Amino acid sequence: MADALKAEGNKLFAEKKFAESIEKFTQAIEIDPSNHVLYSNRSGAYASLKDWDKALDDAKKTTDIKPDWAKGWGRKGTALHGEGDLVGATEAFEAALKLDPSNAQAKSGLDAVKRAVEAEANSDGGPDGGLGGMFSDPNMIQKLAANPKTASYLADPDFMNKLQQLKSNPSAVGAYMQDPRFLQVMSVMLGIDMQFGGPGGMGDMGGAGAKGEQ
């Protein structure tokens with residue numbers, strides 16, 4: 001019965017009838033609440049409707065049930081990106097790629113997050129504005145030293161060299177996205193958890209939206 005409802009939900013999803021597909025996936029979950037694929041599919045449908053909170057709830061449920069499934073982490077990354085949490089989205093997509101290095105959804109999602117960070121870095125007219133402006137903060141080192149999440153980074157000469165490069169050219173921050181330490185630095189400097197934009201302002205999600213499973 002749950003499989004039949006899932007199949008109906010997948011068909012509706014393919015027809016872009018996302019609200020109807022959510023109803024079918026919900027009915028299937030009521031019958032088989034431990035099926036990670038059902039939560040993943042419903043997360044994808046919610047994401048298609050830009051209901052990021054519900055998409056994230058289902059994505060978290062997916063990774064709780066099946067933590068070694070790359071697709072679930074991709075769903076989580078998409079939802080976090082939709083909410084504007086670029087740090088969380090990056091971590092989720094990277095978790096997906098560790099499990100499945102060829103995962104196309106995670107690759108495109110991570111690329112979209114990188115573009116979002118670069119856009120923030122280049123906003124408001126250049127290096128003295130937008131996200132990149134934080135690297136010109138004369139108190140940056142003191143702030144990083146005072147935060148337990150980043151204090152240890154300052155003992156790494158390679159990291160400090162990269163940080164100096166960013167002070168000279170903050171718009172190049174996108175090139176440093178592979179190093180999660182810089183996302184943490186950006187989060188500390190902003191005093192928030194990288195909550196940029198919102199459900200209505202994410203722009204291109206890089207094809208990280210979701211398809212129903214088989």
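Author: The questions and answers below go from the whole chain to single residues, and the model they describe is a predicted one.

Reader: What helices and strands are there in the protein?

Author: The protein has 10 helices and 0 strands. Along the sequence this gives the pattern α-α-α-α-α-α-α-α-α-α.

Reader: How much of the protein counts as buried?

Author: Of its 214 residues, 50% are classed as buried, and that class takes in residues under 20% relative accessible area.

Reader: Why is K16 called exposed?

Author: The relative accessibility of K16 is 63%. Exposed means over 50%, so K16 falls in that class. K16 sits in the loop between α1 (2-14) and α2 (18-31). Its phi is near 65°, which is positive although K16 is not a glycine.

Reader: What makes K50 partly exposed?

Author: K50 has a relative accessible area of 48%.

Reader: Why is α2 called roughly antiparallel to α3?

Author: The two helices pack at an angle of about 160°, and their axes are 9 Å apart. Angles over 145 degrees count as roughly antiparallel, so α2 and α3 receive that description. Their crossing is left-handed.

Reader: Which residues of α2 and α3 meet?

Author: From α2 they include F18, I22, F25 and I29, and from α3 they include L38, Y39, R42 and Y46. By class, this contact has 9 nonpolar, 4 polar and 1 charged residues.

Reader: Which residues of the largest nonpolar core touch the most other members?

Author: They are F135, L144, L163 and V185, in a core of 36 residues. Helix α6 (residues 86-99) gives the most to this core, with 6 residues. A second, separate core has 6 residues, among them L5, A28, I29 and L38.

Reader: What does V185 touch?

Author: Leaving aside residues up to four places away in sequence, V185 touches F135, L144, T150, Y153 and F159. Touching here means heavy atoms within 4.5 Å.

Reader: How many of the contacts join residues at least 24 apart in sequence?

Author: The share is 58%, taken among contacts between residues at least 6 apart in sequence.

Methods:
Residues numbered from 1 in each chain as written. Predicted model: local features only at pLDDT ≥ 70, side-chain atom pairs only at ≥ 80, totals over all residues. Heavy atoms only, no water. Helix = DSSP H or I, 4+ residues; strand = E, 2+ residues; numbered from the N terminus. Buried < 20%, exposed > 50% of the residue type's maximum accessible area, 1.4 Å probe, protein only. Axes fitted to C-alpha atoms, helices over the stretch in contact; angles between N-to-C directions. Parallel < 35°, antiparallel > 145°, perpendicular 65-115°, else oblique. Left-handed = near helix turned anticlockwise from the far one by under 90°. Nonpolar A, V, L, I, M, F, W, Y, C, P; charged D, E, K, R; others polar. Core = buried A, V, L, I, M, F, W, Y, C linked by side-chain atoms within 4.5 Å.
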